[in-house]
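Subject: Handing over a structure

Dear colleague,

I am passing this structure on to you, together with some notes on what was found in it. Please have a look at it before you read on.

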Amino acid sequence: MDEKELLIFQKGNNSTHTNFIPKLDIEIEKLENIIPRNLLRDDIPIPDVSEVEIVRHYIKLSRMNYGVDSGIYPLGSCTMKYNPKINEYVARLAEFSQIHPLQEENEGTLQLINAISVLLAEITGMDGFTLQPAAGAHGELVGLLIIKKYFEMKGVKKNKIIVPDSAHGTNPASAKMAGFSIIELQSNQNGEVPLDHLEFAMQQGDVAGIMLTNPNTLGVFDREILKITKIVHKHGGLCYYDGANLNPMLGICRPRDMGFDIVHLNLHKTFSTPHGGGGPGSGPVGVIKELIPFLPTPCIITTDEGLVCTQDRDHSIGRIKAFWGNFGIIVRAYVYILSLGAEGLKRVGQIAVLNANYLRIQLQKKYYLPYDRICKHEFVLTDKNLPNEVTTEDIAKRILDYGYYAPTIYFPLIVNGAMMVEPTETESKKSLDNFIEAMYKIYDEAFNEPDRLKSAPLNTPVGRLDAVNAARNPILKE
Ligand SMILES: Cc1ncc(COP(=O)(O)O)c(C=O)c1O
């Protein structure tokens with residue numbers, strides 16, 4: 001049966017507003033050769049509605065939604081910034097979006113992939129990149145498989161990785177998946193890695209290195225970063241940099257210059273692809289020269305005939321994703337970097353830090369800030385000083401009523417009642433001030449109208465959900 005046959009639908013009378021059931025003009029036996037019987041529906045109850053009804057239906061749904069195009073989206077550790085539409089426009093050009101996956105190995109595509117690899121190498125200081133990983137966590141897995149193979153090739157048994165407790169949750173999970181066991185380091189009172197504990201852990205001998213989220217999930221930059229990488233290298237380990245939150249560092253400092261050997265980036269955060277709902281993503285991995293032979297294949301090399309794609313890489317960990325990763329995201333990132341240029345990227349970093357610190361100082365006047373120091377892209381508040389047993393969850397729900405998205409809550413786990421706020425560089429001062437005003441009003445409500453807070457949200461299409469019950473007894477049907 002060909003595709004055309006599959007698409008032949010016999011449409012009933014659609015002039016009324018009753019449901020109609022389109023019939024597939026194919027014998028069911030024939031269909032069963034292609035699609036398993038248990039996946040076939042007996043009917044498709046598509047409602048018979050007019051164009052205007054369908055337009056109004058979807059516009060109504062879209063108004064119930066909230067996104068970065070609607071307003072500030074201060075979700076910590078997520079860099080939900082405004083994504084310029086030009087990037088989307090270019091990624092959607094037929095020349096990019098209509099390429100058959102196998103055609104991705106044409107010269108133009110290889111050139112684009114090669115060019116962005118060079119730019120990412122310049123931004124991070126690394127020597128080589130793979131663009132295959134489909135998410136930040138996938139990049140972490142790739143980086144750790146490289147570390148594992150590196151020590152295997154050297155014939156050295158190192159099966160432990162140090163992960164500070166301020167790391168992103170995916171760090172220990174990826175290390176475990178790559179076959180390492182984890183040594184968790186407790187952060188000190190400044191939210192940084194304690195050097196004496198690090199030195200002690202590295203002395204165990206079978207430690208392959210450290211995985212550091214920097215800035216960490218408290219939003220702070222580890223000021224002892226050079227000492228950290230020095231200690232790890234002194235004991236023969238490798239240093240992995242979780243660069244998912246590179247936004248505040250852009251054009252200002254580079255993981256390689258801090259002494260790191262491997263880094264992953266999140267193109268879907270820092271480099272202008274909107275994300276959410278679990279994907280799609282792109283987590284390129286950059287490495288120093290010595291680790292280039294371990295990068296996934298295929299890779300791109302320059303020959304007399306131009307760029308070609310090859311499997312030829314001595315110690316490659318192999319292919320880790322079909323084709324070249326999520327190509328549309330790579331195109332968006334390329335346009336973003338080129339349109340901003342070196343100066344523009346630096347300004348992104350500067351304004352991201354400025355915005356976060358402006359918000360931090362204003363919100364600190366009312367809310368408790370456990371790590372009271374200059375932050376990078378984000379900072380963490382808590383519900384510690386709130387009266388009437390008002391909790392972080394109540395604040396997060398109430399802010400929805402004021403027309404904003406909520407901060408990330410109850411993460412990082414090392415802070416009780418955490419509210420992690422990341423404004424990003426694309427918010428204006430006015431937008432930040434409006435958000436601050438709403439947070440101040442909520443603070444006053446905690447004293448004067450705590451019941452309102454506890455039953456919020458009151459103005460959203462869906463009220464407060466029983467999150468625990470939803471997680472424990474999910475009803476998974478349309
Ligand atoms: C610091 C950090 N590392 C890793 C990740 C994981 O990235 P992804 O969700 O693309 O797997 C994130 C997520 O945003 C992150 O903030």
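P412 is found in the loop that runs between strand 13 (408-409) and strand 14 (419-421), where helices (H or I, at least four residues) and strands (E, at least two) are DSSP runs numbered from the N terminus. The peptide bond that joins F411 to P412 is cis, with an omega of about 5°.

Before going further, please note that this is a predicted model, in which local features need pLDDT of at least 70 and side-chain atom pairs count only at pLDDT 80 or more, while totals for chains, interfaces and linings use all residues. Residues are numbered from 1 along each chain as its sequence is written, and side-chain values use heavy atoms, with hydrogens and water left out.

A cis peptide bond also joins N214 and P215, with omega at about -5°, and P215 has its place in the loop between strand 6 (207-213) and helix 10 (225-234). In the loop between helix 11 (267-270) and strand 9 (285-287) lies S272, a residue other than glycine whose phi is positive, near 70°.

Turning to the ligand, 14 residues surround it, and the closest are S77, G136, D242, H268 and K269; a residue counts here if one of its heavy atoms lies within 4 Å of the molecule. Some of these residues also make polar contacts, meaning pairs of N or O atoms within 3.5 Å. A polar side-chain atom of S77 lies 2.7 Å from an oxygen atom of the ligand, and an N or O atom in the side chain of H268 is likewise 2.7 Å from an oxygen atom of the ligand. For D242, an N or O atom of the side chain is 2.6 Å from a nitrogen atom of the ligand.

The remaining notes concern helix packing, for which axes are lines fitted to C-alpha atoms over the stretch in contact, and angles run from 0 to 180 degrees between N-to-C directions. The axes of helix 4 (residues 85-92) and helix 12 (residues 327-364) come within 8 Å and cross at roughly 135°, and the two helices are therefore oblique to each other, given that angles under 35 degrees count as roughly parallel, over 145 as roughly antiparallel, 65 to 115 as roughly perpendicular and the rest as oblique. Their contact (heavy atoms within 4.5 Å) is made by I86, N87, E88, V90 and A91 of helix 4 and by G328, V331, R332, V335, Y336 and S339 of helix 12.

Helix 13 (residues 392-401) and helix 14 (residues 429-448) pack at an angle of about 125°, with their axes 10 Å apart, which makes helix 13 oblique to helix 14. Here the contact is made by I395, R398 and I399 of helix 13 and by F435, A438, M439, I442 and E445 of helix 14.

Finally, the axes of helix 7 (residues 136-154) and helix 8 (residues 170-177) come within 9 Å and cross at roughly 45°, which makes helix 7 oblique to helix 8. The residues in contact are A137, E140, L141 and L144 of helix 7 and T170, N171, S174, A175 and M177 of helix 8.

Definitions and conventions: A polar contact is a pair of N or O atoms within 3.5 Å; within protein, one must be able to donate a hydrogen and the other to accept it, and residues adjacent in sequence count only if both atoms are side-chain atoms.
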